[in-house]
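Please work through the exercises below with the sequence and the model side by side, trying each task before reading its solution.

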Amino acid sequence: MLDSDLAKLYECANGTKTINQAVKRHINRFPERFMFRLTEEEVKIFSRSQLGTLKGRGHNIKYLPYAFTEEGVAMLATVLRTPVAEEVSIRIMDAFVARKEMFCYYQDRK
């Protein structure tokens, strides 16, 4: 997912600025397999097909967007300080616990 999508999802007051600040503060939690920056070419391809990132003033973007993997989305939920991000983080942990319980249940039945 792109940083702009996550900023909306997690209801970040300052948009992608909040995402970028959180990543910078916790960069050790975001290895390349969790997130990466899109290249200029990738941004051009996306903007032509589906993104609205280049609409508006100047038709240019100042910073290349980050793209987050599934693990990066989960990690971002743990470092952001929005009520939505806190709820997502809790739900992720609940899902891990439920998966573990289900695995143990089926292991015991063998």
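The model is a predicted one, in which local features need pLDDT of at least 70 and side-chain atom pairs count only at pLDDT 80 or more, while totals for chains, interfaces and linings use all residues. Residues are numbered from 1 along each chain as its sequence is written, and side-chain values use heavy atoms, with hydrogens and water left out.

**Exercise 1. Describe the order of elements in the protein chain.**

Step 1: Helices (H or I, at least four residues) and strands (E, at least two) are taken as DSSP runs, numbered from the N terminus.
Step 2: The protein chain has five helices and two strands, and from the N terminus on these run α-α-β-α-β-α-α.
Step 3: Of the 110 residues in the protein chain, 28% are buried, where buried means under 20% relative accessible area, exposed over 50%, and partly exposed in between (1.4 Å probe, protein chains only).

**Exercise 2. Find the salt bridge and describe the setting of its two residues.**

Step 1: A salt bridge is a side-chain nitrogen of Lys or Arg within 4 Å of a carboxyl oxygen of Asp or Glu, and the structure holds one.
Step 2: The partners are Arg91 and Glu87, whose closest N and O atoms are 2.9 Å apart.
Step 3: Because Arg91 and Glu87 are four residues apart in helix H5, about one helical turn separates them.
Step 4: Arg91 counts as exposed, at 56% relative accessibility, whereas Glu87, at 37%, counts as partly exposed.

**Exercise 3. Work out which residues line the second largest pocket and which helices supply them.**

Step 1: On a 1 Å grid over the protein atoms alone, a pocket is an open set of points where a 1.4 Å probe fits, with protein on both sides within 12 Å along at least five of seven lines, and lining residues have an atom within 4 Å of a point.
Step 2: The lining consists of Glu70, Glu71, Val73, Ala74, Met75, Thr78, Ile92, Met93 and Phe96.
Step 3: Helix H4 (70-79) and helix H5 each supply at least two residues of this lining, and H4 gives the most, with six.
Step 4: By class, the lining has six nonpolar, one polar and two charged residues, where Ala, Val, Leu, Ile, Met, Phe, Trp, Tyr, Cys and Pro count as nonpolar, Asp, Glu, Lys and Arg as charged, and the others, Gly among them, as polar.
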